[in-house]
Amino acid sequence: MKKHVLITGASSGLGKETAKVLAENGFAVYAGVRRAEDKEELEKIDSNITGVYLDVTDPKSVENAYTEIAGSTKNLYALINNAGIALAGPIECLDVEVIKRQFEVNVYGALRVGQKFLPLLKGGRIINISSMASYAIFPFISPYSASKRALDIFYNSLLLESKDPELKVISIKPGVVKTNIWNKSLEACEKIFEQIPENYHKKYEKEYELLTSNARKNNTKGLNPSDIANLVLEVLKVKNPKLSYCIGADSVFANIISHLPQGLLNLLIKKGLEWRMKR
């Protein structure tokens, strides 16, 4: 029998590629989308893909998706929490509403879906697409970093509290991945910067330029979405997956240096940031 998998945020990028790879390898994939055209496009890729309308920020949408999926299977082998956004800005003047929006998708949305679908996941697996940013060593993207750290903490607590001895929760922490999240992040970052008080524009001008420059570069460098999709496939196939996977040299490096004493780590990051802004 085919194993059923639900992927959130499957309209494009990493989610879409993961749906494709899993479907090609015999999984029955429920691909969470928010638009009719995305559903149609995904279902054309492989007959093993079924598009499901799913907005993780909308409780009614999650409820409807659960009803639809529970009507066709009583056993979901895996939930892949992939839906996410990346917001950034200096904490000194960042509107708290921006941070709320970041958490609404990356944290509350992932928890909302996990709680709802847990009855179908008996003995199953929850894979969270986290990030190397979860090591919290990247200034000016603290909303994104904090959301990914929170995602890992909440789901690790779920694993500890679970009465299902066979449930497995896995965090995948990619480094930079070539996806359209960077273009979306750039658009959001521009709006955020426009909204901060005028007196902060000059103060953080160089940091903003560095942030946007990095985002543009990340559209064309780093891991391919297929690298992460194939790791997800491996995690679904292996009998005893690890709790956490770093993928990409930058993610491995972030993990290593995150273990340094906080004072030393902060000093190195600040010096590195100063050096990069002078280049």
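Residues are called buried when their relative accessible area is under 20%, exposed when it is over 50%, and partly exposed in between, using a 1.4 Å probe and protein chains only. Helices (H or I, at least four residues) and strands (E, at least two) are DSSP runs, numbered from the N terminus. The structure is a predicted model, in which local features need pLDDT of at least 70 and side-chain atom pairs count only at pLDDT 80 or more, while totals for chains, interfaces and linings use all residues. Residues are numbered from 1 along each chain as its sequence is written, and side-chain values use heavy atoms, with hydrogens and water left out.

Two strands are taken to pair if DSSP finds at least two bridges between them. An open sheet is formed by 7 strands in the order 3-2-1-4-5-6-7, with parallel pairing. Strand 3 (49-53) and strand 7 are at the edges with a single partner strand each, so one side of each has no neighbour in the sheet. From one strand to the next, the twist averages 20°; angles here run from 0 to 180 degrees between N-to-C directions, and axes are lines fitted to C-alpha atoms, for helices over the stretch in contact.

Individual strand pairs can be followed through the sheet. Strand 1 (residues 4-7) pairs with strand 2 in the parallel sense over 4 bridges, and V5 stands opposite V29 in strand 2. Strand 2 itself is mostly covered, with 6 of its 6 residues buried. In strand 7 (residues 244-247), Y245 and I247 make up a covered face, whereas S244 and C246 make up an uncovered one.

Helix 2 (residues 36-45) lies across strand 2 (28-33) and strand 3, and runs at about 165° to strand 3; contact means heavy atoms within 4.5 Å. E40 is found in helix 2 and counts as partly exposed because its relative accessibility is 49%. The C-alpha atoms of E40 and L264 are separated by 51 Å, the two residues being 224 apart along the chain. Helix 5 (residues 142-161) lies across strand 4, strand 5 and strand 6, running at about 165° to strand 5. Within helix 5 is S145, which counts as buried because its relative accessibility is 3%. Leaving aside neighbours within four places in sequence, S145 is in contact with A133, S134, A136 and F138.

Helices also meet one another. Two packed helices are described by the angle between their axes and the distance between the axes. Helix 3 (residues 59-70) and helix 4 (residues 96-117) pack at an angle of about 35°, with axes 10 Å apart. In this contact, P59, V62, E63, A65, Y66 and I69 of helix 3 meet R112, V113, K116 and F117 of helix 4. The contact residues divide into 7 nonpolar, no polar and 3 charged, where Ala, Val, Leu, Ile, Met, Phe, Trp, Tyr, Cys and Pro count as nonpolar, Asp, Glu, Lys and Arg as charged, and the others, Gly among them, as polar.

Aromatic rings of Phe, Tyr and Trp (its six-membered ring) pair if their centres lie within 6.5 Å; planes under 30 degrees apart count as stacked, over 60 as edge-to-face and the rest as tilted. By this rule there are 4 aromatic pairs. One of them, Y66 with F117, is edge-to-face, at 5.3 Å centre to centre and 70° between the planes. This pair links distant parts of the chain, Y66 in helix 3 and F117 in helix 4, 51 residues apart, and both residues are buried. The rings of F140 and Y204 have centres 5.9 Å apart and planes at 70°, so this pair is edge-to-face. Both F140 and Y204 are buried.

Most residues other than glycine have a negative phi. A136, in that loop, has a positive phi of about 55° although it is not a glycine. F140, in the loop between strand 5 and helix 5, has a positive phi of about 75° and is likewise not a glycine.
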